[in-house]
Amino acid sequence: MQCPALPDGFDFTDPDLLQSRVPLPEFAELRRAEPVRWIPQSGNIAGFQDEGYWAVTRHADVKYVSTHPEIFSSSLNTAIIRFNEHIQRDAIDAQRLILLNMDPPEHTRVRGIVQRVFTPRAIRALEERLRNRALAIVETARTLPGDSFDFVTQVACELPLQAIAELIGIPQDDRTKIFDWSNKMISYDDPEYAITEEVGQESAMELIAYAMNMAADRKQCPAQDIVTRLVSAEDEGSLNSDEFGFFVLMLAVAGNETTRNAITHGMHAFLTHPDQWELYKAERPSTAAEEIVRWAAPVNAFQRTATQDTELGGKRIKKGDRVGIFYAAANHDPEVFENPDVFDITRDPNPHLGFGGGGPHYCLGKSLAVLEIDLIFNAIADAMPNLRATGDPRRLRSAWINGVKELQVTLG
């Protein structure tokens with residue numbers, strides 16, 4: 001096996017790197033020469049008091065790790081691959097209460113309850129309301145004063161926030177609170193926001209408290225809504241107030257930040273691939289949303305921790321080692337995708353891992369996310385067909401989220 005040509009000290013979780021770009025050339029080099037590679041980290045840079053992690057870059061290996069939770073745990077060190085170096089261990093351990101960071105059997109129990117939110121019937125019941133909301137969002141953006149506007153704040157963030165509010169009964173007037181809290185929870189690596197990890201933790205606690213109050217209210221005064229079904233169905237199993245609070249926290253990131261960034265990256269992809277935008281406007285292919293998610297890979301990486309000595313990609317992984325699964329790398333694997341570096345909205349089949357690699361942590365809200373992406377781009381194509389970018393996207397400084405803070409556009 002040839003040694004990959006990576007610079008000394010190259011780290012795929014370096015927030016400065018992800019603020020500038022997704023390291024697709026380096027991912028390609030690893031897939032070719034060393035698809036499972038040890039990435040050393042000095043000191044306590046990621047918050048884990050260890051010496052680094054294994055970077056997993058091939059589609060098949062990412063899928064294997066994702067589908068074997070008995071070997072690769074989400075709970076031991078959480079799914080977040082890099083925290084601030086000053087984080088305390090108890091703050092990491094507290095995040096095990098979030099579904100994302102649970103292992104079976106507890107994960108199985110909680111997921112079995114919360115998946116009631118995402119049944120096909122529940123999503124179909126939302127579709128017409130979300131279609132009207134998408135049209136209203138785009139119409140509002142279209143009539144803004146001035147020559148340009150920020151696509152992220154005026155379009156991309158709105159439908160995911162409103163969908164969450166619709167889904168679990170959060171008053172629409174409170175969606176700005178959810179936006180603010182979720183931004184603060186994930187933006188501690190970005191100095192522009194001047195947000196410390198402590199502020200992020202405080203925002204998380206405010207969001208959890210908000211949700212717990214909702215749960216307590218429904219337990220006292222049941223209503224015909226999903227919150228009541230989640231917290232009051234004792235005979236079928238229900239969430240306690242803490243669990244409901246952490247579920248809403250997860251939704252604020254997994255259902256808001258990721259879909260917002262998929263929409264933003266998708267719009268930028270269309271604007272930089274005008275042939276695909278023309279094709280979309282003419283044909284509205286049902287395959288477009290999946291390709292947008294493959295291309296965007298809104299979560300660059302999660303991690304697992306080995307529960308035992310094992311082997312992956314020809315490497316011996318020791319019990320306790322952290323393993324980084326890089327979705328952007330897997331989504332460009334030429335062994336799986338023909339012309340993976342081409343944005344092709346007619347790609348079919350499209351077995352991308354943008355919603356996870358299968359297994360217990362496969363995205364609960366996939367069908368809702370796909371619906372939101374379809375609805376918002378149909379609305380944009382109808383009302384703002386000549387949209388143009390006026391500059392490059394301003395990317396989020398983050399260790400694991402492929403985020404965009406700002407994308408200035410004009411109606412053309």
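A: Helices (H or I, at least four residues) and strands (E, at least two) are DSSP runs, numbered from the N terminus. This is a predicted model, so to speak of local features pLDDT must be at least 70, and side-chain atom pairs count only at pLDDT 80 or more, while totals for chains, interfaces and linings use all residues. Residues are numbered from 1 along each chain as its sequence is written, and side-chain values use heavy atoms, with hydrogens and water left out.

Q: Okay, how many cavities of 30 Å³ or more does the structure hold?

A: There are 2. On a 1 Å grid over the protein atoms alone, a cavity is a set of points where a 1.4 Å probe fits but cannot get out; a pocket is an open set with protein on both sides within 12 Å along at least five of seven lines; and lining residues have an atom within 4 Å of a point. Grid points are joined across faces, edges and corners, and a volume is the space filled by probe spheres set on the points.

Q: What lines the largest cavity?

A: The lining is Leu97, Ile98, Leu99, Met102, Val110, Val114, Glu243, Phe246 and Phe247. The space inside is about 50 Å³. Helix H5 (106-114) and H12 each supply at least two of the lining residues, with H12 giving the largest share, 3 residues.

Q: How does that lining divide by class?

A: The largest cavity has 8 nonpolar, no polar and 1 charged residues around it. Here Ala, Val, Leu, Ile, Met, Phe, Trp, Tyr, Cys and Pro count as nonpolar, Asp, Glu, Lys and Arg as charged, and the others, Gly among them, as polar.

Q: And which residues line the second largest cavity?

A: Gln41, Gly43, Asn44, Ile45, Ala46, Gly47, Phe48, Gln49 and Asp50. That lining splits into 3 nonpolar, 5 polar and 1 charged, around a space of about 30 Å³.

Q: Switching to pockets: what's the volume of the second largest pocket?

A: About 450 Å³. It is lined by 21 residues, and those closest to its centre are Val22, His265, Trp295, Arg395 and Asn402. By class, the lining of this pocket has 10 nonpolar, 7 polar and 4 charged residues.

Q: Which helix gives the most to that pocket lining?

A: H12, with 5 residues. Helix H2 (24-33), helix H12 (241-272) and helix H14 (288-296) each supply at least two.

Q: What does Phe244 touch?

A: Ala211, Met214, Ala215, Val227, Leu230, Val231 and Leu239, leaving out residues up to four places away in sequence. Contact means heavy atoms within 4.5 Å.

Q: And arginine 260, buried or exposed?

A: Buried, with a relative accessible area of 5%. Arginine 260 is in helix H12, and it touches Val152, Ala156, Cys157, Pro160, Phe179, Ser182 and Asn183, again not counting residues up to four places away in sequence.

Q: Now strands. Why is E2 largely enclosed by the rest of the structure?

A: Because 5 of the 5 residues of strand E2 (residues 52-56) are buried. Strand E1 (residues 36-40) pairs with E2 in the antiparallel sense over 5 bridges, with isoleucine 39 opposite tyrosine 53. E2 also pairs with strand E8 (residues 322-326), in the parallel sense over 4 bridges, where alanine 55 stands opposite glycine 324. Two strands pair if DSSP finds at least two bridges between them.

Q: What about the phi of threonine 78?

A: Positive, about 70 degrees, although threonine 78 is not a glycine. Threonine 78 sits in the loop between strand E3 (72-73) and H4, and counts as buried at 0% relative accessibility. Asparagine 339 also has a positive phi, near 50 degrees, but counts as partly exposed at 49% relative accessibility.

Terms used:
Buried means under 20% relative accessible area, exposed over 50%, partly exposed in between (1.4 Å probe, protein chains only).
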